[in-house]
6 protein chains.
Amino acid sequence: MENFSNSQRAEVLVQALPYIQKYTGRTVVIKYGGNAMINPELKQQVMEDIILLWLVGVKVVLVHGGGPEVSGLMKSLGKKPEFINGLRVTDKETVEIVQMVLAGKINKTLVGLLENKGGRAVGLSGLDDRLIEAKCKDPALGFVGEVTRVNTEIINDLLERKYIPVISTIACGPEGEVFNINGDTAAACVAGALRAERLIILTDTAGILRDPSDSSTIISEITVPEAQELIKDGTISGGMIPKAECCIRAINEGVKKVIIMDGRIHHSILIELLTDEGAGTMFK
Amino acid sequence: MENFSNSQRAEVLVQALPYIQKYTGRTVVIKYGGNAMINPELKQQVMEDIILLWLVGVKVVLVHGGGPEVSGLMKSLGKKPEFINGLRVTDKETVEIVQMVLAGKINKTLVGLLENKGGRAVGLSGLDDRLIEAKCKDPALGFVGEVTRVNTEIINDLLERKYIPVISTIACGPEGEVFNINGDTAAACVAGALRAERLIILTDTAGILRDPSDSSTIISEITVPEAQELIKDGTISGGMIPKAECCIRAINEGVKKVIIMDGRIHHSILIELLTDEGAGTMFK
Amino acid sequence: MENFSNSQRAEVLVQALPYIQKYTGRTVVIKYGGNAMINPELKQQVMEDIILLWLVGVKVVLVHGGGPEVSGLMKSLGKKPEFINGLRVTDKETVEIVQMVLAGKINKTLVGLLENKGGRAVGLSGLDDRLIEAKCKDPALGFVGEVTRVNTEIINDLLERKYIPVISTIACGPEGEVFNINGDTAAACVAGALRAERLIILTDTAGILRDPSDSSTIISEITVPEAQELIKDGTISGGMIPKAECCIRAINEGVKKVIIMDGRIHHSILIELLTDEGAGTMFK
Amino acid sequence: MENFSNSQRAEVLVQALPYIQKYTGRTVVIKYGGNAMINPELKQQVMEDIILLWLVGVKVVLVHGGGPEVSGLMKSLGKKPEFINGLRVTDKETVEIVQMVLAGKINKTLVGLLENKGGRAVGLSGLDDRLIEAKCKDPALGFVGEVTRVNTEIINDLLERKYIPVISTIACGPEGEVFNINGDTAAACVAGALRAERLIILTDTAGILRDPSDSSTIISEITVPEAQELIKDGTISGGMIPKAECCIRAINEGVKKVIIMDGRIHHSILIELLTDEGAGTMFK
Amino acid sequence: MENFSNSQRAEVLVQALPYIQKYTGRTVVIKYGGNAMINPELKQQVMEDIILLWLVGVKVVLVHGGGPEVSGLMKSLGKKPEFINGLRVTDKETVEIVQMVLAGKINKTLVGLLENKGGRAVGLSGLDDRLIEAKCKDPALGFVGEVTRVNTEIINDLLERKYIPVISTIACGPEGEVFNINGDTAAACVAGALRAERLIILTDTAGILRDPSDSSTIISEITVPEAQELIKDGTISGGMIPKAECCIRAINEGVKKVIIMDGRIHHSILIELLTDEGAGTMFK
Amino acid sequence: MENFSNSQRAEVLVQALPYIQKYTGRTVVIKYGGNAMINPELKQQVMEDIILLWLVGVKVVLVHGGGPEVSGLMKSLGKKPEFINGLRVTDKETVEIVQMVLAGKINKTLVGLLENKGGRAVGLSGLDDRLIEAKCKDPALGFVGEVTRVNTEIINDLLERKYIPVISTIACGPEGEVFNINGDTAAACVAGALRAERLIILTDTAGILRDPSDSSTIISEITVPEAQELIKDGTISGGMIPKAECCIRAINEGVKKVIIMDGRIHHSILIELLTDEGAGTMFK
């Protein structure tokens, strides 16, 4: 890469022009998770992609979870993570751990990374200005919340002043409780409330496959009815079901396009937005 | 209290008028710590005091530390807290714990409490928009930082939009490191950078005493030279020395008045600002 | 009262919190008249109440009449006040007296009182920026006007810059005439045009009574249809009829709640707005 | 006049262009008094002149007194006007009459006249937002004040929103008293505080004359030192002395030019500002 | 004219008041062409009229063509102007000449004239910010365009900052071509897009005549249906047809009133707007 | 170029990040001329470079001349271009040709090109809002001007609204004359008045050479005193002298850095600003 000439560099920059023009001034919500959050090189690249988009005038909102790190701290503290239907059973102590890991460790570390690359980032949680409100999803799960409302005022205030909001997915309850909420759903709700141009969900899969065993059967574009059909007929199955449902929800709440993106690919966000190629499955 | 008549209530409100007028539109920084942060009733009262000041137009900035809770989590994780001259030895793992406890647990919990009382609060750390920059204080202490710069832009942006900024005292370093910093010093630096009208440092003492064994010898007002004299002659000693030095620093950086306040007294903040009484020692 | 401790004072302030939050940023129109305008102590208290509301962010608009003082000056000038159905017969000379007394004497004196208590007040009449337009009500009454239009722009300009508008109830006619208008009606029209949260009409009565001879039969809340019923069946009678009709008009023009308040009670405005008690009859 | 052709009219308008350009956006304070305030035709013309200036973008501030009408009402009320060195002896009752006549009758009537000609005017007194502050001039005179301070904020707020401020010359004292103040002095202080481009003082004289008995000896331009010389040598004498001193004060406080103008001449304000002719004496 | 007295001048200015009030803050589009653009004295007067309107707060937009000068330069360059149905056949070379003459020579010269009279003018063409978009009208005519869209943003930006936009009537095509467009139509489209209060089309005729040979048969006001009738019955004929159609188009696109004005009359614009007389035919 | 993979493209974009951050929000003035203005491919690339800089937040101002095209039209019109010391002798007819070619043809064509690439451009000349004022340089040269003042208000207004100002280098004189001015000097004056971060002068040379016959002797950076030395000792000679003097002037008027850039190199502007390479000579 180092051997590119400067005129080649200029050429590449210029070829990105029409793509930049398309997104400048628009809101793009990125749900950050999986491998892209663990692999240090991919992590650096996601940060670089965000800074570049921000510099060319895209309003980027970063939403993150952090399940593995929560389980890690739980184990260090001698608590055994337990799940029902993929949802973490969350007692009082656990939700405190979730809060510390998401809003304290991961959120501020991401903010720091963006700052170090020259961005201006401010970390938020669902508690700040009651950004994400939730209610108890199921008493059996404890402090697991279902999003009831997103208050976008603080996000818009920060975007207007050219900050990059970084949001950790915990929510506040009506009685002052804190809820652990699903990161993908939270991102979908935030993107919907912001009427975002794009929601990009970084995953560790290639996208939705017609044949899960064959990554060449990737479905590059899909409509909501088609996706609902594929859930029914079992093509979309397992952990992809909640992700697909999130995408459908986001589309229904007003997001223009939602992409389940392969976060294992280098600079996948930039490639998606600033070239004619895309990695993953786009919901319209 | 319940038996007060409404006309008595009205009378009290009206008598607070001149005090309210004095502070409306001014910036008051409150360093929150000690007993007032642990005792649930005092905690509720501090929150109520803040909300009331905010409603009558005071620009309140809440700065908090959280040493005991940091030590608590360290112990749960099998780490032994260690101190040199009262400063916590902070290795990489410890600074991560500090970050989680301060920016994750305490900060967001305080935000939640203020929200539940009807305020609009946003939690920040020294990492957000590089609010507090620091450098290594002493290699022997590890990630303990000395404040080098406070960037007030994000605080002012939030104050202008009528949010209450809640700030946890960690700082960012030049290489992207996170530093553990002394809460009182951080509050003094923030108050100085904001040219605050008042810095109130909540403590578990009555204030500065001429005779430490006799709380009736409280010094209610003191100038910077007098304080420096008392440090020299040993009247101010032990843990009160760094607190007094913080106050001196804040005054020198442009804060109008700094108060070491007895946080064990109910509604001590309101009483200080909205009556003619004061609890503690005021530096001018 | 002097013997209250400061912690008791703090307690009272804090208990007012939820009430303050309810009205901050809202518009409250106060029709000032009767005893509360004559008794010096009550007058001071009304001013204090207004300043306090103003400081906690309520947009207060003060509307005043001044019938007794008009009659007083008329008599000093050798003119005999004359009324038809409670309305002052107003010849050219009389309307000039009304203008002098209301817009000159009472208005500016009220402005001065508010200023001296630390408020920022600006006096207006219905002539300034054509704030209140009227037409002749009845040729037999001379320059008695019926409000045809309220132009709120100057009020809103002043409220936006944090002034307290004080309005004297004279109006301008289509040909440049000045009209004497009923103070309660003017207040109702102003409150309606401002879509006020509350209109408070200070009177010298306890409110609307089921049995006029028994002040314990006060009706604390009433709907518009109920009030219309009570007018029909004679429960509301005499001078209370036009007051009740004003309240109905204000509600119909968009004011949320209208209160006929007993202005003889100390700090009745604060008690109404900042406690759970109320003195008088509230129209919804 | 009616017989002018429209092309002649156009020609006149166009010839006013350079004069209009000179004053657009600038502040002109007009002290209104004397004959121009009494003669109905002149009064109409002053109003027309003000509206025209306002429409072409001049920031006009109208300051008025009203001595004769005050004396009139005093007499009707059986009080004998009394003067010491040309200053009205003003007891409590008298200052109330002054307030009623100036702030109630004259001020609002002028506002009404401007409104009827299509202007947007708001009446103020020295009490509104403490616009003019004064102290007692001489205990022997009672409530006669000496201006100590002009607070221009409310004037600037109104000018910015394109209103014409109309100011009656009473002032507020430190203890809430009302003071009767000299109109010319008040106008000079207001013009000075506003750093006005012009202060125009309408009088019933031709201006300053070298030979008071010969109106052809008018001095059309004069500097401050020259004027001081003429006071010394007696050329300026009698009632012209305080007027000249006002002009000197205004120049010293920052007004660019001050004119003692013959208000008996039709449209003298327009002629002064929009032609190359001027009526009266200009101080530089 | 020189012999008018200043009081006569003042009288004329004052009599213009109600007319000025009617147009201040409103948008008036002037299509400048014909004799008024060639005769130096008329040209000066049009500039003066525009500056006066601008100073009294009218938002003036000047639209110009320049056919004769285009033909002039063509001839100097050895090209023969050719017309089909009154439309100039415009090859690539010709459209370049049109661009140079209109956007370079005439536009900037007009800007210079307005500046020299004290105005603040900025010249635009249909290419700036794609102000006027067009498509090919007829391949036989070459680069003659039909307006498809007017983008008013740059005009509004300039008007808001108090500049006088001067627009030359060339347009941009979808492929980056430049089109020669009819000046009257362009003015009508611009006026329509701005929802102008008035469109004034300066011509070399008296207006629409019932009997073209008798200028006393001028129709001073006409409605759209009436005009369409007169086109049908031949009363409006020849070169007046496209002008009348422009007026109809402008009215249909939202302009309040359109005037075909006799530009040979001195100060015809001022007379139209600031007196009760009008020269030409007004479409409603 | 076409064969680059998208991940390679992303890599290039990301490597441009630090350069983009350096210039975002800063003003860069580009003097456009020479080969880069004639060669169609280079022309496209300059436009692309400008659009890219504009999109990443650089405030780009394009200044252009057009000598060859002026000479071209002169010849077509049978006029013989004549020069004294490299300055065009400019009679009345010639300055009109200059105006047409620069402000009409070249300016609007450049605006059109930028628009077609997605930019928002507005063409200006030195006449618009009197942007460039000049006086006669030498009567022997006729209408050749020397810049006396640059009024940046219209440029700043356009930059603030995110337009790209394109400026043709003619100037207005005190009497309304139009002056032909040297393009490089005009660009230097404009850049100085804007306190630009960079002035880039596109030329047809490699930059300043120590040995004019050997392009490998290029001087990549030079200070003002060094440049003055090289002029004295003859190293800088011929047509490079006025260019060097322009650069010196710009630096002296407050431009941070000025570059004489080889406009024959593809995307030389982007390479200069967005890579670590530079083509030409930079004055500091």
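1. Two residues are taken to be in contact if their C-beta atoms, placed from the backbone, lie within 7 Å. The model is a predicted one, in which local features need pLDDT of at least 70 and side-chain atom pairs count only at pLDDT 80 or more, while totals for chains, interfaces and linings use all residues. Residues are numbered from 1 along each chain as its sequence is written, and chains are lettered from A and ligands numbered from 1 in the order in which they are written.

2. On the pairing of chains E and D, 30 residues of chain E are in contact with 30 residues of chain D. On the chain E side, the elements that contribute two or more residues are α1 (6–15), α2 (17–23), α4 (40–55) and α11 (268–274); helices (H or I, at least four residues) and strands (E, at least two) are DSSP runs numbered from the N terminus. The greatest contribution to this side comes from α1(E), with 9 residues. By class, the side of chain E that touches chain D comprises 16 nonpolar, 10 polar and 4 charged residues. Here Ala, Val, Leu, Ile, Met, Phe, Trp, Tyr, Cys and Pro count as nonpolar, Asp, Glu, Lys and Arg as charged, and the others, Gly among them, as polar.

3. The same surface serves both copies, since 100% of the contact residues of chain E recur in chain D. Superposition is by least squares on the C-alpha atoms of residues with pLDDT of at least 70 in both copies.

4. Chains B and A are likewise to be examined as a pair. Chain B is superposed on chain A by a rotation of 180 degrees with 0.0 Å of shift along its axis, and the RMSD is 0.0 Å. B:Gly104 has the C-alpha of chain B nearest the axis, 1.7 Å from it. Of the contact residues of chain B, 100% recur in chain A, and the same surface serves both copies.

5. The contact between these two chains takes 29 residues from chain B and 29 residues from chain A. On the side of chain B, α6 (92–116), β5 (121–125) and α7 (153–160) are the elements that give two or more residues. Of these, α6(B) gives the most, with 12 residues. The side of chain B that touches chain A has 11 nonpolar, 8 polar and 10 charged residues.

6. Chain A does not touch every other chain. Chain A and chain D do not touch either, with their nearest C-alpha atoms 27 Å apart.

7. Within chain B, helix α9 (residues 224–232) and helix α10 (residues 240–252) pack at an angle of about 155 degrees, with their axes 10 Å apart. The axes are lines fitted to C-alpha atoms, for helices over the stretch in contact, and angles run from 0 to 180 degrees between N-to-C directions. The angle makes α9(B) roughly antiparallel to α10(B), a term for angles over 145 degrees. From α9(B), B:Val224, B:Ala227, B:Gln228 and B:Ile231 meet B:Ile241, B:Ala244, B:Ile248 and B:Ile251 of α10(B). This contact has 7 nonpolar, 1 polar and no charged residues.

8. Most residues other than glycine have a negative phi. B:Arg130 has a positive phi of about 50 degrees although it is not a glycine, and this residue is found in the loop between β5 and β6 (132–136) of chain B. B:Arg130 counts as buried, with 20 C-beta neighbours inside 10 Å; the cut-offs are 20 or more other C-beta atoms within 10 Å for buried, 12 or fewer for exposed, and in between for partly exposed. E:Arg130 also has a positive phi, of about 50 degrees, and is located in the loop between β5 (121–126) and β6 (132–136) of chain E.

9. E:Arg120 lies in the loop between α6 (92–116) and β5 of chain E. Leaving aside residues up to four places away in sequence, E:Arg120 touches E:Lys162, E:Tyr163, E:Ile164 and F:Asp129. The C-alpha atoms of E:Arg120 and E:Pro165 are separated by 8.9 Å, although the two residues are 45 residues apart along the chain.

Terms used: Angles under 35 degrees count as roughly parallel, over 145 as roughly antiparallel, 65 to 115 as roughly perpendicular and the rest as oblique.
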